[in-house]
Amino acid sequence: MNSILNARFARFFRSGFISAVALCWLIPVVQAADWPLPRADNASSGATTEQVPGSLEVLWEFTAADAIEATPAIVGDAVYLADAAGTLYAIDTNTGKQRWQLATDLGFLTSPSITDDLLVIGDLDGKVYAVEIATGKLRWTAETKAEISGSAAFFGGAALITSQDGNLYCLDVADGKLRWTYETADQIRCSPTIAGDRTFLGGCDGNLHTVNLNDGTQAADPLPLGGPTGSTPAVLGDLAFLPVMDGAVIAFDWKQNLELWRYEDSERAQEYRSSPAVMDEVVVVSSQNKQVDALEAKTGKPIWRHTLRRRADASPVIAGNDVWIAATDGRLVRLDLATGEEKWQYEINGSFIASPSISGSRLYLGDSKGILRCFAAKDAAPAAP
């Protein structure tokens with residue numbers, strides 16, 4: 001079955017069918033070199049049109065104080081990194097040299113997010129930090145009542161922060177003052193996803209929440225998911241995609257507030273803890289059962305499946321014609337977006353928990369031993385120190 005689906009999808013790509021149809025309803029994914037948010041953009045697409053070169057090698061390595069469990073952010077010529085010991089870093093993209101670091105009280109399991117000149121991140125104790133990206137100077141802090149598992153998003157001069165206390169906080173970017181909160185019935189572990197003036201939250205209360213970002217009110221009735229989720233929804237046009245822990249990938253029309261389709265493995269239930277990546281008409285998800293699946297965005301029909309040696313806790317990333325998977329066995333795997341065939345892999349002595357970020361035709365990925373690697377074309381050379 002997989003070979004038939006692979007061939008069918010490959011023909012779609014060659015014919016230009018997907019590109020032509022997608023123009024009618026595609027929300028733009030990251031086009032520029034920056035990767036300011038952990039899932040690339042406000043839509044949490046986990047995707048970029050940028051193509052990573054075919055032949056890669058490690059251009060440089062940077063060693064943090066502790067494990068890196070979060071995706072780095074890239075803006076301009078700097079990589080911004082958080083480690084499990086609670087240290088923030090700015091690193092030069094060309095040389096891998098540290099520009100500044102800021103030590104905090106507790107660890108970070110979530111990724112830094114950047115807007116304009118400010119980095120915003122939450123820690124294990126529910127504290128929010130806003131740091132100037134040029135200097136590493138702390139500008140303000142704010143408090144929530146529980147651990148922060150999701151990364152910040154931005155809208156209208158505000159930072160949106162989810163907390164395991166069950167609330168979405170809207171904080172003023174300038175000074176961290178609270179604008180409003182939106183309360184759910186259980187923990188929120190995902191990051192906010194934005195489309196227009198709406199944000200979408202998948203909760204441990206088993207609902208998809210749609211919130212009006214102008215005032216923090218409920219924009220639509222919560223949609224039942226059939227189980228809890230800690231995954232961040234991904235948006236493509238009018239559609240939102242969200243996996244749930246109990247084994248389903250669900251597509252919603254967020255404008256109509258309607259469930260459109262639900263994919264479940266008929267042979268073995270798949271547990272989903274990571275977030276989807278979506279581009280053109282393809283949704284890619286990775287399960288705790290070592291399966292990477294590509295689904296048709298409009299129908300939920302399977303396109304291909306790739307089985308990993310070990311599970312991937314990190315969310316998949318789409319870059320150009322590739323899908324990138326960072327697995328817990330220390331393998332970085334490159335798959336063909338059209339067919340799911342493996343094109344390349346790199347293995348370390350350790351584990352990958354965070355997803356990669358991609359910028360300037362380079363891939364950045366941290367590991368469980370605190371090493372951040374910059375992968376670049378084999379003919380690339382780091383700038384002189």
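In what order do the four strands of the open sheet S23-S26 lie, and is their pairing parallel or antiparallel? The order is S23-S24-S25-S26, and the pairing is antiparallel. The close-up views below begin with the whole chain and then visit this sheet and other places. This is a predicted model, in which local features need pLDDT of at least 70 and side-chain atom pairs count only at pLDDT 80 or more, while totals for chains, interfaces and linings use all residues. Residues are numbered from 1 along each chain as its sequence is written, and side-chain values use heavy atoms, with hydrogens and water left out.

**View 1. The whole protein holds two helices and 33 strands.** Helices (H or I, at least four residues) and strands (E, at least two) are DSSP runs, numbered from the N terminus. With a radius of gyration of 19 Å, close to the 21 Å that the globule rule gives for 385 residues, the protein is as compact as a globular protein of that length. Here the radius is taken over C-alpha atoms, and the rule is 2.2 Å times the number of residues to the power 0.38. Along the principal axes, the C-alpha atoms fill a box of roughly 55 × 55 × 35 Å. Of the 385 residues, 61% are buried; buried means under 20% relative accessible area, exposed over 50%, and partly exposed in between (1.4 Å probe, protein chains only).

**View 2. The open sheet S23-S24-S25-S26 is antiparallel.** Strand S23 (277–279) and strand S26 (302–307) are its edges, each pairing on one side only. From one strand to the next, the twist averages 15 degrees. Axes are lines fitted to C-alpha atoms, for helices over the stretch in contact, and angles run from 0 to 180 degrees between N-to-C directions. Look for strand S25 (residues 291–296), which pairs with S26 over five bridges; two strands pair if DSSP finds at least two bridges between them. Asp 293 has Arg 305 in S26 as its bridge partner.

**View 3. A second open sheet of four strands runs S7-S8-S9-S10.** The pairing is antiparallel, and the edges are S7 and strand S10 (138–143), each pairing on one side only. Direction ignored, neighbouring strands of this sheet are turned by 20 degrees against each other on average. Strand S8 (residues 118–122) and strand S9 (residues 127–132) are joined by five bridges. Find Ile 121 and you will see Tyr 129 of S9 opposite.

**View 4. Leu 106, Leu 109 and Leu 124 make a nonpolar surface patch.** Its area is about 200 Å², computed by the Shrake-Rupley method with a 1.4 Å probe; for residues, only the protein chains shown count as cover. Patches are made of residues with over 30% relative accessible area and no salt bridge, with like charges joined within 9 Å and nonpolar side chains (Val, Leu, Ile, Met, Phe, Trp, Tyr) within 5 Å. Leu 106 sits in the loop between strand S6 (98–103) and strand S7 (113–115). Leu 106 is partly exposed at a relative accessible area of 34%.

**View 5. Strands S21 and S22 form a hairpin.** Four residues lie between the two strands, and Asn 257 in the turn has a positive phi of about 60 degrees. Five bridges connect strand S21 (residues 248–253) with strand S22 (residues 258–263) in antiparallel fashion. Ile 250 faces Arg 262 in S22 as its opposite number.

**View 6. Glu 61 and Arg 373 join distant parts of the chain through a salt bridge.** A salt bridge is a side-chain nitrogen of Lys or Arg within 4 Å of a carboxyl oxygen of Asp or Glu, and the whole structure has 18 of them. In this pair the N to O distance is 3.5 Å. Glu 61 belongs to strand S2 (residues 56–63) and Arg 373 to strand S33 (residues 371–377), 312 residues apart. Glu 61 is partly exposed at 44% relative accessible area, whereas Arg 373 is buried at 8%.

**View 7. Asp 92 and Arg 99 form another salt bridge.** Their closest N and O atoms are 2.7 Å apart. Asp 92 is buried at 14% relative accessibility, while Arg 99 is partly exposed at 41%.

**View 8. Asp 329 pairs with Arg 331 in a salt bridge.** The closest N and O atoms lie 2.7 Å apart. Asp 329 is buried at 12% relative accessibility, and Arg 331 is buried with a relative accessible area of 12%.
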